[in-house]
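Have the sequence and the 3D view open as you read.

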Amino acid sequence: MAGFKLGIVRLGRAAGKTKYSLLDERDIPLVENYAFEAQVEVDKDGNGAKVYAFCWEIEKGRAMGNFVHNILWERHCGGIAPGYKVVHKNGVTVDNRLENLTLVAQAKTFKVQEGTKTDSRENNLYWIAIQQLPPDPIDEHFPEMSQSKVYNANGEEMEEEEEGTIYYECHYPPCTLMEEEMHQFSICGRCQQARYCGTRCQQKDWPAHKKRCRERRRTAVEEDSSVDR
């Protein structure tokens with residue numbers, strides 16, 4: 001591992017938290033000419049959603065952008081033939097190291113290399129790398145700017161207060177598990193914003209989350225309702 005380097009690119013907020021993407025060392029210079037963001041793709045068959053890294057050349061604009069895994073595959077391995085797609089071997093859709101990418105037929109169901117067990121996920125390179133990052137300075141110092149992007153079943157961005165079909169990713173930064181159905185994850189009882197795939201991730205995230213966790217203010221409707229009781 002001597003001399004081993006990775007690029008970690010901040011993608012912005014999506015699905016309830018700040019997202020990052022892993023790049024190989026040779027692909028780090030892309031950040032000089034490309035703009036990056038997190039993009040949520042919702043499964044039209046109701047099988048949840050996934051967060052991907054999306055980028056575009058700054059001079060050409062966002063309309064000419066593409067998913068980072070597609071750009072890197074074409075950059076290093078050639079074009080993607082019709083009927084094929086690039087997938088992430090370990091199931092972490094923002095881990096865009098070339099060794100984590102492979103080409104498969106679109107009709108094929110790809111089985112990821114690693115299971116969803118917590119012990120297995122904690123040993124993948126993405127988990128280890130993101131766990132070492134300092135808190136996002138925007139989250140830490142400007143919480144009012146940390147508005148999450150949430151999406152309904154049609155992939156349309158929604159206000160967080162709106163009722164509807166909304167998918168969240170586990171709030172613990174290294175964890176990439178995302179809800180497969182609405183209200184699947186537990187929610188922080190105090191701020192009622194952070195979602196977690198399980199108790200283990202919630203406990204691990206608490207030292208950082210407690211610094212900006214604020215008790216949710218009840219709305220006027222909720223207050224009136226409590227008085228009526």
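**A helix with two sides**

Begin on the outward side of helix H5, where Thr-199 and Gln-203 are exposed. Keep in mind as you look that this is a predicted model. Now turn to the other residues of H5, which spans residues 199-209: Cys-201, Asp-205 and His-209 are buried. Looking down the helix axis, you will find the buried residues of H5 within an arc of 65 degrees, so they line one face of the helix. Among the elements that cover these buried residues are H3 and strand E11 (195-196).

For Cys-201, the nearest cysteine sulfur belongs to Cys-197 and is 3.7 Å away. Cys-77, in turn, is partly exposed, at 42% relative accessibility.

**Into the core**

Next, move to the largest nonpolar core, which has 31 residues. Those with the most contacts inside this core are Leu-11, Phe-36, Val-40, Val-51, Val-68, Tyr-126 and Met-178. Several elements each supply at least two of the core residues: strands E1 (6-14), E2 (17-24), E3 (34-42) and E4 (49-57), together with helices H1 (68-77) and H3 (125-131). The largest share, 5 residues, comes from E3. A second, separate core has 11 residues, including Trp-127, Cys-170, Cys-188 and Cys-213.

Setting aside neighbours within four places in sequence, Leu-11 is in contact with Lys-19, Tyr-20, Ser-21, Phe-36, Glu-37, Ala-38, Ala-53 and Val-94.

**How the strands pair**

Now follow the strands themselves. E1 and E2 pair in the antiparallel sense over 8 bridges, and Gly-7 has Leu-23 in E2 as its bridge partner. These two strands form a hairpin with 2 residues between them, and Ala-15 in the turn has a positive phi of about 55 degrees.

E3 and E4 are also antiparallel, paired over 9 bridges, with Val-40 standing opposite Val-51 in E4. They belong to an open sheet of 3 strands in the order E3-E4-E5. Its edge strands are E3 and E5 (66-67), each of which pairs on one side only.

**Two loop residues**

To finish, visit two loops. Asn-90 sits in the loop between strand E6 (84-88) and strand E7 (101-105). Is Asn-90 buried or exposed? Asn-90 is buried, because its relative accessible area is 9%. Its side chain makes a polar contact with the side chain of Asp-95, at 3.0 Å.

Phe-110 is found in the loop between E7 and helix H2 (118-121). At 27% relative accessibility, Phe-110 is partly exposed. Which residues does Phe-110 touch, not counting residues up to four places away in sequence? They are Val-87, His-88, Lys-89, Thr-102 and Val-104. Phe-110 and Val-87 are 23 residues apart along the chain, with their C-alpha atoms separated by 7.9 Å.

Methods
Residues are numbered from 1 along each chain as its sequence is written. This is a predicted model: local features need pLDDT of at least 70, side-chain atom pairs count only at pLDDT 80 or more; totals for chains, interfaces and linings use all residues. Side-chain values use heavy atoms; hydrogens and water are left out. A nonpolar core is a set of buried Ala, Val, Leu, Ile, Met, Phe, Trp, Tyr and Cys residues joined through side-chain atoms within 4.5 Å. Buried means under 20% relative accessible area, exposed over 50%, partly exposed in between (1.4 Å probe, protein chains only). Helices (H or I, at least four residues) and strands (E, at least two) are DSSP runs, numbered from the N terminus. Contact means heavy atoms within 4.5 Å. A polar contact is a pair of N or O atoms within 3.5 Å; within protein, one must be able to donate a hydrogen and the other to accept it, and residues adjacent in sequence count only if both atoms are side-chain atoms. The arc is that of the directions from the helix axis to the C-beta atoms. Two strands pair if DSSP finds at least two bridges between them. A disulfide is a pair of cysteine sulfur atoms within 2.5 Å.
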